[in-house]
Amino acid sequence: MADNEGAPPPTTTQDERDLLQYQSRIDRPLTLKVPEFSRDERLRHVIFSRQFSVDLLEDLAGTADKIRQLSKVRAGQDFLIGLLSHKRTMLYFTQPSTRTFLSFMAACQILGITCNEVRDPSTSSETKGETRFDSIRMFSSYFDLIIMRSPVARLAEACAYLMNDLAATGNRSVPIVNAGSGADQHPTQALLDIYTLQRTFQFASPKDSPIGTRFDEIRRQFPQLTRGLAHKFYGFCGDIGRGRTVRSLADLLAGYEGVTLAFVAPRHPTLSLGDDLRQRLLTCGVRIIEAESLEEPIDGRPLIEQLDALYMTRIQKEHNNPADEAAFTAIDFSRYKLNRELVSRMKCYAPILHPFPRDQHFGEIPPEIDADPRAMYFRQARNGMWIRAALLAHIFNVDHQISRYFHERFEG
Ligand code: CP
């Protein structure tokens, strides 16, 4: 046995050593981990998108719908703002964010939760050598919830274990919500993506669906079309390999019956579908198509014309290494950009989603598409505020109060 076996490499930081201490728990199958992130049949920590069952997704969407309805009237706003006015949240975002940070902040404000933030660790005592784990434990002393985004994959998961260990030893412990962890997971983005698709495929409002309420009329042209997310053909286009939003959403869509998922990306190991996700989806019985272009024929017809929904993504060139840079010069990236002609060939009811930000220099969705009724990405971002408010209501166990109040006010 080597002298240093089991010891961390000498160049590691305390943060890396802290993360290693959780490695054996991180490496377990998800089925063993998920129960540890729940308490009393509710989510306690939100770390992976696969913690959301289809039933829970329906439940959260129902709460989000009620919150958005109540928010339209002053009495409803006053009710919501009183629900969690005794709670405080830390938004610990050490990786840039616009939508996730602001929509969580707005969601907290809707429910009366007070927010505080650390976005730039150079303004915190991490500059004096404090580890991230000590920072997290300090936040848990002052706040009731920690919502965190980090460039470090698995950090949120390790922090959830830290909180569970603190609880087990009788110490103060608070829920952790993963707001994006490295190239790993972005579970609440998947939540808002699903919520947008749920609303779109209800065909109940012109604001949520390209065809509005013309479901019966459109079914004459598309007799297979059904309400809901099952039995649909979803396309993902762009940087599939590095997209944590793609991974998180694909994992959730796999829970719906009869879905087909098409992944359109350059044939390069950095950018195309990863083996881990492919294997998981196949295990769930998902039909997978891998293509290099939206024009590629599938069963004799171009892919773009068959999709029920299209999820565009940004090419994350900030993560390119020198080998990628060299290899990418041979790739025709124009295939991963939308234009009016391509969009005009999509089904009239098929929404175009994008987690945003889009890249104005690359132009995967040029602004000229924004006026098309299929462009659902701004609506999708706003949905993030409602569904995140619903998630907070679930974590703090006030969703039943929202339902009761809603039924009394609107259905009583
Ligand atoms: N979609 C998303 O996570 O956006 P931000 O990076 O702006 O939060």
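Predicted model: local features only at pLDDT ≥ 70, side-chain atom pairs only at ≥ 80, totals over all residues.

Residues are numbered from 1 along each chain as its sequence is written, and side-chain values use heavy atoms, with hydrogens and water left out.

The protein has 16 helices and 13 strands, taken as DSSP runs (H or I, at least four residues, for helices; E, at least two, for strands) and numbered from the N terminus. Its radius of gyration is 22 Å, close to the 22 Å that the globule rule gives for 412 residues, so the protein is as compact as a globular protein of that length. That radius is taken over C-alpha atoms, and the rule is 2.2 Å times the number of residues to the power 0.38. Along the principal axes, the C-alpha atoms fill a box of roughly 65 × 65 × 35 Å.

Turning inward, 57% of the 412 residues count as buried, meaning under 20% relative accessible area with a 1.4 Å probe, protein chains only. Of the contacts (heavy atoms within 4.5 Å) between residues at least 6 apart in sequence, 77% join residues at least 24 apart.

Finally, the cysteines: a search of the whole structure finds zero disulfides, that is, pairs of cysteine sulfur atoms within 2.5 Å. For Cys159, the nearest cysteine sulfur is that of Cys108, 18 Å away. Cys159 is also buried, with a relative accessible area of 0%.

Conventions:
Buried < 20%, exposed > 50% of the residue type's maximum accessible area, 1.4 Å probe, protein only.
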